[in-house]
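Visitor: I would like to learn how to read helix packing from a model. Where do we begin?

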Amino acid sequence: MFFFTSFIYSIILMINAIAVLSEDRFLARIGWSSNQPVAPSYDQSGFGVEGMPGVKARLVNLISAVRTLMRIPLIGINVFVILYELLLG
């Protein structure tokens, strides 16, 4: 049971970390902003389907999706975890 709860807590912590990243302050500085043009990728025709976005573009899209979709549910999840720890912790 200890491993399971630690695993859940670490997942929630990582999602919280992604959700609070500021696109203007942090992501734009390192070139991971979603409104920056994506650099053309190298020819990797032997490594998958042509025209697919690179790893960086996929990570930027994942961060943007997590920030958009998980913002409201994370409030409820965090409240539940805090109450669980206070009552049963």
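**Reading a helix and its partners**

Guide: The buried residues of α1 pack against α3 and α4 (71-88). Buried means under 20% relative accessible area, exposed over 50%, and partly exposed in between, with a 1.4 Å probe and protein chains only. Contact means heavy atoms within 4.5 Å. This is a predicted model, in which local features need pLDDT of at least 70, side-chain atom pairs count only at pLDDT 80 or more, and totals for chains, interfaces and linings use all residues. Residues are numbered from 1 along each chain as its sequence is written, and side-chain values use heavy atoms, with hydrogens and water left out.

Visitor: How many helices and strands does the chain have?

Guide: Helices (H or I, at least four residues) and strands (E, at least two) are DSSP runs, numbered from the N terminus. Here there are four helices and zero strands. The order from the N terminus is α-α-α-α.

Visitor: Which residues of α1 are buried?

Guide: An α-helix has 3.6 residues a turn, so residues three or four places apart point the same way. In α1 the buried residues are Thr-5, Ile-12 and Ala-19. They cover an arc of only 50° around the axis, so they lie on the same side of α1. That arc is taken over the directions from the helix axis to the C-beta atoms. The face turned away from the buried side carries exposed Phe-2, Phe-3, Leu-13 and Met-14.

Visitor: At what angle do α1 and α3 pack?

Guide: Axes are lines fitted to C-alpha atoms, for helices over the stretch in contact, and angles run from 0 to 180 degrees between N-to-C directions. Angles under 35 degrees count as roughly parallel, over 145 as roughly antiparallel, 65 to 115 as roughly perpendicular and the rest as oblique. Helix α1 (residues 2-19) and helix α3 (residues 55-69) pack at about 100°, with axes 8 Å apart. The pair is therefore roughly perpendicular.

Visitor: Which residues of α1 and α3 meet?

Guide: Ile-15, Ile-18 and Ala-19 of α1 meet Ile-63, Val-66 and Arg-67 of α3. These divide into five nonpolar, no polar and one charged. Ala, Val, Leu, Ile, Met, Phe, Trp, Tyr, Cys and Pro count as nonpolar, Asp, Glu, Lys and Arg as charged, and the others, Gly among them, as polar.

Visitor: Is Arg-67 buried or exposed?

Guide: Arg-67 counts as buried because its relative accessibility is 18%. Leaving aside neighbours within four places in sequence, Arg-67 contacts Ile-18, Ala-19, Leu-21 and Glu-23.
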